[in-house]
Amino acid sequence: MNYKMMGRFIGHILLVEAVFMIVPLAISLYHKEKMATIGFAASLSIILLFVLILSLACKGSRKGFRAREGLVCVGVSWIVMSLLGSLPFYISREIPFYLDALFETVSGFTTTGASILPEVEKLSLGILYWRSFTHWLGGMGVLVFVLAVGAFGESSKGFTMHLLRAESPGPQVGKLVPKMKKTAEILYLIYMLLTVVNIVFLLFGGMPLFDSICTAFGTAGTGGFGIKNDSIASYSPYIQNVCTVFMLLFGVNFSCYYLLLLRQFYSVFKDEELRLYLGIVLGSIVLITLNLRGFYGTLEETVRHAAFQVASIVTTTGFATTDFDLWPSFSKAIILGLMVIGASAGSTGGGFKCARVLIVVRSLRRNLRRAISPQKVQVVRINNHMIDEKVLENTNAYLSAYVIILFASFILVSIDQFSITTNITAVLSCFNNIGPGLEAVGPTCNFGDFSWLSKLVLIVDMLAGRLEIFPILILFSRSTWGHLKN
């Protein structure tokens, strides 16, 4: 096991976290927010101390990662990053209990948006900025960022691919271009460009600059931390519509945008996952709009709220313009289904992913055909490409782990004696990185009333959901650590 290389990489992750913490520190200094300034300054010092220790301890590390090491490194990196990233909340006393601060931070980095805070507007501007920025940094992935700007070249014996596969959402991860570092750069350039365009459109609608930046961070990372207690409800219809469009854009596989830049429009048009994603979105908007007839004053308002909430839930963003917990049961059932399906693979969204839905459906159809014609060779195809049997096996394993973790988490969270709807949607929203659920964890409520045990379970769920389960599961595997001893 290449311990020194793992330590070196975690040091790079923490250094990136420290650098990005300078901006909220400057905001706190400018606005003379004493406790927030102390919180960020102390946190920066602690993180840099860890970076120094790791740098000295891992001097002379040899490059090279295997798949197992990549998974372990990703899981450990996200845990350490969250443990230290929560310090500004705790040291500033704006979140006085460390477990709550950790919950909020993990929710930010994993782009979940589930909050324990009853009144967001009481937070200082520096803390609000950091809270929203965790979405943006976690959306595309901090490890992908390090690969894009770091000093790790192609001589790293494939470890970059293992890291990208471990952190990126979807059943399979490939290269946009031959070099992985270049792939990471392209992904982040597209990500930053869309974020800037989003900010510009929000500014055109009269949204203040600070609000625009924080809202764009939440939209780009499909996170959903708002800076107002009512999320996006108090903003204008124009702002809400802009958020709807950009949430949907960030829920698209980023490889589609790369193909658009290459002018391969036909390939994008024929992409089966994109067509399924858009079909689910449009179908859900139409059905909810029909079900909400008379619920709002005008058809425009009905369509706007329906489109916003569908976009928010299917992309697992979690913003809200209305309390959809008050909607009829049919509409809430659709919302519940969207929580599970999620966005596209290769996007910043969470959930099971449209690509996996396609694979599971096609695999089921193949098995039915095999039962009818056992001698006939049956393959699973998506976009006219045959899906490798290893991908099918991994998808089935993912589905099994997905169901087991959901059930186990639901049982543990149910100890708190909330309603079944509250418990199951709390687990679904955290595991699928959505944010709001129904009833006691609905869009107008928060997760603050859960016990420490439930919060720990939901923290693990958020991390497992964001990292596609396996990097977290492997940390709990005895065979992993038994292998490390060898």
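In the predicted model described here, the largest nonpolar core holds 123 residues, of which Phe254 and Phe447 touch the most other members; such a core is a set of buried Ala, Val, Leu, Ile, Met, Phe, Trp, Tyr and Cys residues joined through side-chain atoms within 4.5 Å, where buried denotes under 20% relative accessible area, exposed over 50%, and partly exposed the range in between (1.4 Å probe, protein chains only). A second, separate core of seven residues includes Leu358, Ile359, Ile382 and Ile387. Residues are numbered from 1 along each chain as its sequence is written, and side-chain values use heavy atoms, with hydrogens and water left out. Because the model is predicted, local features need pLDDT of at least 70 and side-chain atom pairs count only at pLDDT 80 or more, whereas totals for chains, interfaces and linings use all residues.

The protein chain comprises 486 residues, 57% of which count as buried, and its secondary structure amounts to 23 helices and two strands, assigned as DSSP runs numbered from the N terminus (H or I of at least four residues for helices, E of at least two for strands). Among contacts (heavy atoms within 4.5 Å) between residues at least 6 apart in sequence, 73% join residues at least 24 apart. The chain exposes about 20500 Å², with carbon and sulfur atoms supplying 67% of that area, as computed by the Shrake-Rupley method with a 1.4 Å probe.

Leaving aside residues up to four places away in sequence, Phe254 touches Met140, Leu187, Ile190, Tyr191, Leu194, Gly346, Ser347 and Thr348. Within helix α13, which spans residues 254–261, the buried residues are Phe254, Cys256, Tyr257 and Tyr258, and just after α13 Arg263 adopts a positive phi of about 65°. Phe254 and Tyr257 also belong to one aromatic cluster, whose members include Phe20, Trp130, Tyr191 and Phe250.

Across the whole structure, 27 aromatic pairs are found, a pair being two rings of Phe, Tyr or Trp (its six-membered ring) with centres within 6.5 Å.

With a disulfide defined as a pair of cysteine sulfur atoms within 2.5 Å, the count comes to zero. Cys256 is buried, with a relative accessible area of 4%, and Cys430 is likewise buried, at 0%.

Technical notes. Phe/Tyr/Trp six-rings, centres within 6.5 Å; stacked < 30°, edge-to-face > 60°.
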